[in-house]
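Here is a short note for a colleague who has not seen this model before. The points below go from the chain as a whole to single residues.

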Amino acid sequence: MAALGVAVIVVGVSIKLGKKSLEDLLDAIPHHLQEQVIAAIGEVPGVQEVKLARVRRSGPEVFADVTLAVDRAAPFERTHEIADDAEAAVRRIVPQADVVVHIEPTAARDENFLTTIRVLAARHRAGRARNSRLRR
């Protein structure tokens, strides 16, 4: 009976150790952690949408890759502030995380016609300038 009890303990410990090793090999994280990261970033002012949030672990390190949609009419400095705020939001959930934030300009839900024309004109001018440099 004692040997049977020891065998059950050994099997239980082996299963727990095997599960932990498999999670480490697959860079697994608790599912609620990714949901918390998405929720925290979604509360950052200026973020229209969290398009992608990948959180993974490699050994003791945690990595987060985030893609955010922000207003395309926002100034560059403001988009940089939004990226910094999103990075800080991730670090409040996962301290010491290595965070990479990618910003995608997106039309705002309430974007007016004048802003749309301004953005399209700027894009057209940039394309013309690039084409004129290529011809030289």
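1. Surface. The model is predicted. The chain exposes about 9,900 Å², and 60% of that area is supplied by carbon and sulfur atoms. Buried residues account for 22% of the 136 residues in the chain.

2. Secondary structure. The chain contains 4 helices and 3 strands. In sequence order the elements follow the pattern α-α-β-β-α-β-α. Of the contacts between residues at least 6 apart in sequence, 61% join residues at least 24 apart.

3. The start of the chain. Met1 sits in the segment before helix 1, which covers 2–25. With a relative accessible area of 85%, Met1 is exposed, because the cut-off for that class is over 50%. Met1 is also part of a nonpolar patch on the surface, together with Leu4 and Val8. The accessible area of these three residues together is about 400 Å².

4. Helix 2 against helix 3. Two packed helices are described by the angle between their axes and the distance between the axes. For helix 2 (residues 31–42) and helix 3 (residues 76–93), the axes come within 9 Å and cross at roughly 145°. The crossing of helix 2 past helix 3 is right-handed. On the helix 2 side, the residues that meet helix 3 are Leu33, Gln36, Val37, Ala40 and Ile41. Their partners in helix 3 are Ala86, Ala89, Val90 and Ile93.

5. The structure holds 3 salt bridges. Side chains of opposite charge can pair when their charged atoms come close. One of the bridges joins Arg78 and Glu81, with the closest N and O atoms 3.4 Å apart. These two residues are 3 residues apart in helix 3, so about one helical turn separates Arg78 from Glu81. Arg78 is partly exposed at 27% relative accessible area, and Glu81 is partly exposed at 42%. Another bridge joins Arg91 and Glu87, where the closest N and O atoms are 2.7 Å apart. Arg91 and Glu87 are 4 residues apart in helix 3, so they too are separated by about one helical turn. Arg91 counts as partly exposed at 34% relative accessibility, and Glu87 is partly exposed with a relative accessible area of 22%.

6. The side chains of Glu104 and Lys51 form a salt bridge, at 3.4 Å from N to O. This pair links distant parts of the chain, since Glu104 is in strand 3 (residues 98–106) and Lys51 is in strand 1 (residues 47–58), 53 residues apart. Glu104 has a relative accessible area of 27% and is partly exposed. Lys51, with a relative accessible area of 42%, is partly exposed as well.

7. Thr67. Is Thr67 buried or exposed? Thr67 is buried, because its relative accessibility is 12% and the buried class lies under 20%. Thr67 lies in strand 2 (residues 61–71). Leaving out residues up to four places away in sequence, Thr67 touches Glu49, Val50, Lys51, Leu52, His102 and Glu104.

Methods. Residues numbered from 1 in each chain as written. Predicted model: local features only at pLDDT ≥ 70, side-chain atom pairs only at ≥ 80, totals over all residues. Heavy atoms only, no water. Patch = residues over 30% accessible without salt bridge, like charges linked within 9 Å, V, L, I, M, F, W, Y side chains within 5 Å. Areas by Shrake-Rupley, 256 points an atom, 1.4 Å probe, with all protein chains shown as cover. Salt bridge = Lys/Arg side-chain N within 4 Å of Asp/Glu carboxyl O. Buried < 20%, exposed > 50% of the residue type's maximum accessible area, 1.4 Å probe, protein only. Axes fitted to C-alpha atoms, helices over the stretch in contact; angles between N-to-C directions. Left-handed = near helix turned anticlockwise from the far one by under 90°. Contact = heavy atoms within 4.5 Å.
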